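Subject: The structure you asked about

Hi,

Here is the structure for you to open alongside this email. Have a look at it first, and then read on for what turned up.

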Amino acid sequence: MRVTVVGAGMVGVSCALALQQKGLAVTLVDRLPPGSETSHGNAGVLTPSSLIPFNNPALWQQLPALLRGKNPGFRYKLPYLVGQMAWAARFLAHSRPPHFEKTVAALDALIGLSRGIHHDWLQQAGIRHRMRDDGWIFLYRSEAAWQSGAWARDVYKKYGVTFETLEFIDLQSLEPALQPIFAKGVWFPGAGSVDDPAEVVRAYARLFADRGGVWRQSEVMGLRPSSDGGWTVLGATGPLCGGDQVVLALGPFSRAFLSQQGVMKLPMAFERGTHMHYAPGPVALRRPIYDTAGGYVLSPMSRGWRLTTGVELNALQAPTPNEPMIQAEKRAREALTMGAALDTQIWQGSRPTLPDSRPMIGACPDHPGLWLALGHQHIGFSTGPGTGELLADLMLGHTPKLDPVPFSPDRFTFVR
Ligand SMILES: Cc1cc2nc3c(=O)[nH]c(=O)nc-3n(C[C@H](O)[C@H](O)[C@H](O)COP(=O)(O)OP(=O)(O)OC[C@H]3O[C@@H](n4cnc5c(N)ncnc54)[C@H](O)[C@@H]3O)c2cc1C
């Protein structure tokens with residue numbers, strides 16, 4: 001069987017590797033080198049704590065403050081939100097039990113499956129050194145803020161996510177760079193983080209090529225059913241390659257592509273985020289930190305400390321905003337001493353989010369031979385490998401290692 005995977009972010013590269021490992025002849029296509037878009041700019045955190053999506057039961061209580069702009073980790077553009085009302089209503093509806101419980105169980109399984117595969121591939125790609133295994137930390141500036149996360153810690157306990165609550169004195173021994181502005185922290189020792197997300201994707205793509213996978217760099221303009229029952233992938237000047245099966249792993253670009261091709265109207269919104277790198281401060285930061293009041297994540301990377309901002313609900317192509325980074329930098333400088341900015345421009349990317357915060361992994365409805373792997377919101381860097389494994393098992397008719405139903409592309413048939 002010949003397969004073409006379109007999109008070489010973490011999700012597409014993982015699909016290509018997983019399909020190849022199961023003996024299929026795979027071509028991987030992207031308009032840019034592997035890992036150039038969303039999979040480049042993220043915080044590089046791989047953590048079991050990501051099983052709780054943004055649309056969780058606490059969202060209803062937080063909503064008034066979020067809408068009034070009182071949370072530095074959340075912004076929105078009103079015209080965009082108004083245009084996404086159908087998505088927003090479904091997103092909110094999915095924060096209620098039992099939808100939430102179903103999502104948590106599904107994401108927990110996908111995160112767990114991905115973790116082991118990441119470790120294998122990091123080893124096989126010769127980049128095990130890029131992964132730190134010493135966890136990540138949530139920081140709380142007040143006792144009340146820590147108390148408000150009690151419900152989430154109950155979820156972690158229920159799903160066996162290991163964490164330790166830290167008083168400031170313990171926090172400072174783990175991360176001596178931190179200023180005494182934090183009342184408490186929660187350390188997830190089972191989390192990992194990488195020091196260069198794009199390089200991890202590139203190394204996985206090299207592993208794929210070294211094993212005989214075919215790489216094509218070209219914009220994909222369209223898809224055409226071929227006479228033998230497969231698909232022809234079209235570039236700007238004509239057919240690029242073909243396959244019995246085609247996997248679309250276009251991250252936030254999936255929505256426009258699937259709509260232009262008349263395949264599906266994806267209920268996808270964009271949780272945009274930005275990053276900048278800063279010279280490390282005088283005291284090392286050992287692992288990523290999430291300042292819950294500051295609304296930013298600071299991750300030590302090979303290039304410097306990467307400051308990533310929270311969510312901006314806005315159109316995919318809207319101009320990059322400066323304000324989230326200005327605010328995040330201000331808050332981060334309250335938390336620790338860091339050096340000057342190393343970048344002249346702010347990087348911006350979009351977390352692609354479906355209303356139930358679960359990615360779509362599986363066969364595309366009504367389009368035999370077309371497969372979807374998209375919509376990975378905040379966790380596509382960590383869950384790419386599990387996505388590839390699940391998709392490959394489904395394509396080959398093998399028994400999947402996790403329940404595929406919560407990820408089925410069929411679940412949004414009403415917007416087809
Ligand atoms: C600020 C921020 C922080 C994040 N932090 C984390 C984190 O710590 N951990 C985590 O797990 N996740 C994190 N995420 C989420 C994660 O980055 C995404 O979920 C993930 O990268 C999505 O991967 P993808 O492969 O689906 O998309 P992408 O990486 O965007 O890949 C899609 C690819 O499709 C290609 N493409 C699009 N259209 C075409 C076309 N017509 N022809 C050819 N190629 C095309 C693009 O060039 C691109 O390479 C973060 C995201 C952001 C924005």
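Let me start with a question: which backbone oxygen does the side chain of Ser114 reach at 3.4 Å? It is the backbone oxygen of Thr383. Please keep in mind throughout that this is a predicted model.

**Around Ser114**

Ser114 belongs to helix 6, which covers residues 99–124. With a relative accessibility of 0%, Ser114 counts as buried. Leaving out residues up to four places away in sequence, Ser114 touches Ser382, Thr383, Pro385, Gly386 and Thr387.

**The ligand and its shell**

- The side chain of Ser39 has an N or O atom 2.5 Å from an oxygen atom of the ligand.
- A polar backbone atom of Ala43 is 3.1 Å from a nitrogen atom of the ligand.
- A polar backbone atom of Met10 is 3.3 Å from an oxygen atom of the ligand.

How much of the ligand's accessible area does the protein cover? On its own the ligand has 1,000 Å² of accessible area, and the protein covers 97% of that.

**The chain as a whole**

The protein chain contains 13 helices and 22 strands. Its C-alpha trace spans about 65 × 45 × 40 Å along the principal axes. A compact globule of 416 residues would have a radius of gyration near 22 Å, and the protein chain, at 21 Å, agrees with that. Of the 416 residues, 59% count as buried. The protein chain exposes about 16,300 Å², with carbon and sulfur atoms supplying 55% of that area. Among contacts between residues at least 6 apart in sequence, 76% join residues at least 24 apart.

Lys22 sits in the loop between helix 1 and strand 2. Is Lys22 buried or partly exposed? Its relative accessible area is 26%, so Lys22 is partly exposed. The Lys22 side chain makes a polar contact with the side chain of Asp393, at 3.1 Å. Not counting residues up to four places away in sequence, Lys22 touches Glu389, Ala392, Asp393, Leu396, His398 and Lys401. Pro321 is 299 residues from Lys22 along the chain, and their C-alpha atoms are separated by 43 Å.

Thr27 lies in strand 2, which runs over residues 25–30. Thr27 counts as buried because its relative accessibility is 14%, and the cut-off for buried is under 20%. With residues up to four places away in sequence left out, Thr27 touches Val3, Thr4, Val5, Phe208, Val214, Arg216 and Cys241. Thr27 and Arg141 are 114 residues apart in sequence, and 49 Å separates them from C-alpha to C-alpha.

**Backbone details to check**

The peptide bond from Pro97 to Pro98 is cis, with omega near 5°. Pro98 is found in the loop between helix 5 (85–93) and helix 6.

Ser357 is not a glycine, yet its phi is positive, near 60°. Ser357 is in the loop between strand 20 (347–353) and strand 21 (360–363), and with a relative accessible area of 1% it is buried.

Gln377 is not a glycine either, and has a positive phi of about 35°. Gln377 lies in the loop between strand 22 (370–374) and helix 13, and it is buried, with a relative accessible area of 9%.

Happy browsing, and write back with any questions!

Best wishes

Definitions and conventions:
Residues are numbered from 1 along each chain as its sequence is written. This is a predicted model: local features need pLDDT of at least 70, side-chain atom pairs count only at pLDDT 80 or more; totals for chains, interfaces and linings use all residues. Side-chain values use heavy atoms; hydrogens and water are left out. A polar contact is a pair of N or O atoms within 3.5 Å; within protein, one must be able to donate a hydrogen and the other to accept it, and residues adjacent in sequence count only if both atoms are side-chain atoms. Accessible areas come from the Shrake-Rupley method with a 1.4 Å probe; for residues, only the protein chains shown count as cover. Helices (H or I, at least four residues) and strands (E, at least two) are DSSP runs, numbered from the N terminus. The radius of gyration is taken over C-alpha atoms; the globule rule is 2.2 Å times the number of residues to the power 0.38. Buried means under 20% relative accessible area, exposed over 50%, partly exposed in between (1.4 Å probe, protein chains only). Contact means heavy atoms within 4.5 Å.
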